[in-house]
Amino acid sequence: MKPSRDICIALLRMINKFVRGGKMKQYTNVLDRPLSKGKQESGLILHSCFVQYNQTQVDNITQLETRIEDAGYAVGARILELLCHREKGNRRETRLLGILSFVHSTVWKVLFGKVADSLEKGTEHEDEYMISEKELLVNRFVSIPKDRGALSCGAFVAGIVRGVLENAGFPAVVTAHFVPVEGQQRPRTTILIKFAEEVLRREARLG
């Protein structure tokens with residue numbers, strides 16, 4: 001059963017408050033509190049409401065994916081701050097493979113309770129890496145109209161990854177893609193990361 005429009009709007013306001021940096025009174029010292037282990041389905045339904053509401057506010061898929069990605073970016077920036085404070089003593093990764101491993105494992109576990117299915121380097125371009133999931137959870141509970149069938153809700157995760165990378169000093173273009181898998185009905189989702197040239201130059205200097 002789909003949530004009502006009023007519930008969707010109320011939940012959207014909660015998301016927007018978080019994205020803009022708003023805090024509820026009981027989380028005045030959020031960096032020192034344990035990560036919430038609430039029901040995963042509640043978060044997925046919340047995300048579904050966010051997507052459904054924004055479908056009514058845009059004219060095309062590009063605008064919708066941009067909104068979804070921007071929301072993810074803000075979440076990614078805050079996840080980086082939180083994890084660096086709790087797990088690394090406020091230290092951040094300085095090497096390319098280190099930050100990729102951080103996203104593939106630590107960030108993914110916070111988001112989905114597991115490491116990502118795969119992390120691969122592009123075979124054609126030195127600046128490209130791919131994180132893949134057989135079934136990305138954010139695609140659940142989302143009803144996509146036929147006229148917007150090309151929409152990938154993985155844009156939210158792409159935004160999170162970009163938020164983590166850019167705020168860690170690794171600017172990149174991050175996009176989400178459906179990739180058909182032979183013998184399987186559902187395609188996998190691949191998060192394609194294309195690092196800025198300055199990142200590769202710095203990595204080369206570090207040896």
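Predicted model: local features only at pLDDT ≥ 70, side-chain atom pairs only at ≥ 80, totals over all residues.
## A cross-strand pair

Strand 4 spans residues 188–195 and pairs with strand 3 in the antiparallel sense, through eight bridges.

Four strands make up an open sheet in the order 1-2-4-3, and their pairing is antiparallel. Its edges are strand 1 (118–121) and strand 3 (172–179), each of which pairs on one side only. On average, and with direction ignored, neighbouring strands of the sheet are turned by 20 degrees against each other.

## The hairpin of strands 1 and 2

Strand 1 and strand 2 form a hairpin, with six residues lying between them. Strand 2 covers residues 128–133, runs antiparallel to strand 1 and is joined to strand 1 by four bridges. Within this pairing, serine 118 has serine 132 in strand 2 as its bridge partner.

## The nonpolar core

The largest nonpolar core holds 39 residues, of which Trp108, Val161, Leu165, Ile193 and Phe195 touch the most other members. Two or more residues of this core come from each of helix 3 (61–87), helix 4 (96–112), strand 2, helix 5 (154–167), strand 3 and strand 4.

The contacts of tryptophan 108, leaving aside residues up to four places away in sequence, include Val157, Val161, Ile131 and Ile191. Also among them are Val103, Val115, Ala116 and Leu136, together with Gly113, Lys114 and Glu133.

Note on methods
Residues numbered from 1 in each chain as written. Heavy atoms only, no water. Pairing = 2+ DSSP bridges. Axes fitted to C-alpha atoms, helices over the stretch in contact; angles between N-to-C directions. Core = buried A, V, L, I, M, F, W, Y, C linked by side-chain atoms within 4.5 Å. Buried < 20%, exposed > 50% of the residue type's maximum accessible area, 1.4 Å probe, protein only. Contact = heavy atoms within 4.5 Å.
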